[in-house]
Amino acid sequence: MADTVLYEVSDGLATITLNRPEAMNALNVAAKVALRDAVRAAADDEAVRAVLLTAAGERAFCVGQDLKEHIGLLAADRENGSGQTMSTVREHYNPIVQAIAGAPKPVVAAVNGVAAGAGFGFALAADYRIVAETATFNTSFAGVALTADSGISWTLPRVIGPSRATDLLLFPRNISAQEAYELGIANRVVPGSELRAEAEKVARGLAQGPTVAYAALKESVAFGMSHSLEETLEKEDELQTRAGSSEDHAIAVRAFVNKEKPTYLGR
C-alpha cells in the first residue's frame, strides 16, 4: 500500500503530498498522523526554507475527513462510550494547522481539485495558494452536521470577511477557482496542466529567498491581525532588528550596491 503522505526535501524545499487519490485524498487516521508529522518536520527542519503542500491525482486536493472510516469510528464510540473519534481535532487537525501557519518559512499550497472541510482549512493556513482553474472549495461542515475545525473559523473570516465567511459556513456550496480568486482565497489561478510546475517555481523561488525576513513577515502579519497599531509598531521594531541582523540582509545590501543578484543563505 502506498504511503498516505509523501515527504521529500530537495534544495531547501520540502514537498508534502497527500497521497490517497483513490479516496480524493480524504483524511483517514493514518493520513492525518502522517500529515501532522510531515508538516511538523518541515517546520522544524532548519535546512527546509520553504514548503509545498500538494496532493496526488487531479480530482481533489483534500475532501476532508474520511467519512467511510468515520462511520465505523463513531459506531465504536457508541459501543464503548469512549468518545475518542472527535479527539482528532485536538490530536491531528489543530497541530497540522499550527505547524503550517506557524512555520518560520513560507508555505505554498497547490490546490489541484476539490478542497473541502479540513482540506479547505489546510489550504487557508498556507501563506500562498496557487489553484488549478478546475478546483473548487467548500466548507462542507454544516452539510454533515458539524461545526468548523482546521482553523477555518479563524482563517476564513480574515481572508474574506466575517459576513461572507458565515454565509459559506451556514450554506456550504462549491466555490469555483475564479470566485475563490475574486474573494481572495486563491492568490493565483492557473490551468491544471501547469499547476505543479507553477507551484514548484514559486515555492523554489521562496526557498532561495531571505528566510529570516520571510519568517518575520509571517509573524508580523499574524501579530498585527489581533493587536493595536501601537503594539504592532513595537513588534515591527523587534522583528526588523532581527531581520537586519541576519546574514541575508548584509548579503542583500552588498548585492544592491554592487548591482548583483543576491545569493541568500537563509540565515
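I began with a salt-bridge network, and I found Glu219, Lys235, Glu238 and Arg242 linked in one. For a salt bridge I asked for a side-chain nitrogen of Lys or Arg within 4 Å of a carboxyl oxygen of Asp or Glu. My search of the whole structure gave 11 salt bridges.

A note on the source: this is a predicted model, where local features need pLDDT of at least 70, side-chain atom pairs count only at pLDDT 80 or more, and totals for chains, interfaces and linings use all residues. Residues are numbered from 1 along each chain as its sequence is written, and side-chain values use heavy atoms, with hydrogens and water left out.

Next I looked up Asp127 and Lys218, whose side chains meet in a salt bridge at 2.9 Å, N to O. Asp127 lies in the loop between α4 (118-125) and β7 (128-132) and Lys218 in helix α9 (residues 211-224), so the pair ties together parts that are 91 residues apart in sequence. Helices (H or I, at least four residues) and strands (E, at least two) are DSSP runs, numbered from the N terminus. Lys218 is buried at 15% relative accessible area, while Asp127 is partly exposed at 32%. My cut-offs were under 20% for buried, over 50% for exposed and partly exposed in between (1.4 Å probe, protein chains only).

I then turned to Glu198 and Arg188, which meet in a salt bridge at 2.5 Å, N to O. Glu198 is in helix α8 (residues 195-207) and Arg188 in strand β10 (residues 188-190), 10 residues apart. Arg188 is partly exposed, at 29% relative accessibility.

Asp37 and Arg36 also form a salt bridge, with their closest N and O atoms 3.4 Å apart. Here Arg36 is buried at 17% and Asp37 partly exposed at 40%.

Which buried residue has no salt bridge? I noted Asp149. Its nearest side chain of opposite charge (Lys and Arg count as positive, Asp and Glu as negative; His and the chain ends are not counted) is Lys32, 8.4 Å away. Asp149 sits in the loop between β8 (136-138) and α5 (152-160).

My last entry is a nonpolar surface patch of Leu67, Met86, Val144 and Leu146, with about 320 Å² of accessible area together. Patches take residues with over 30% relative accessible area and no salt bridge, joining like charges within 9 Å and nonpolar side chains (Val, Leu, Ile, Met, Phe, Trp, Tyr) within 5 Å. Areas come from the Shrake-Rupley method with a 1.4 Å probe; for residues, only the protein chains shown count as cover.
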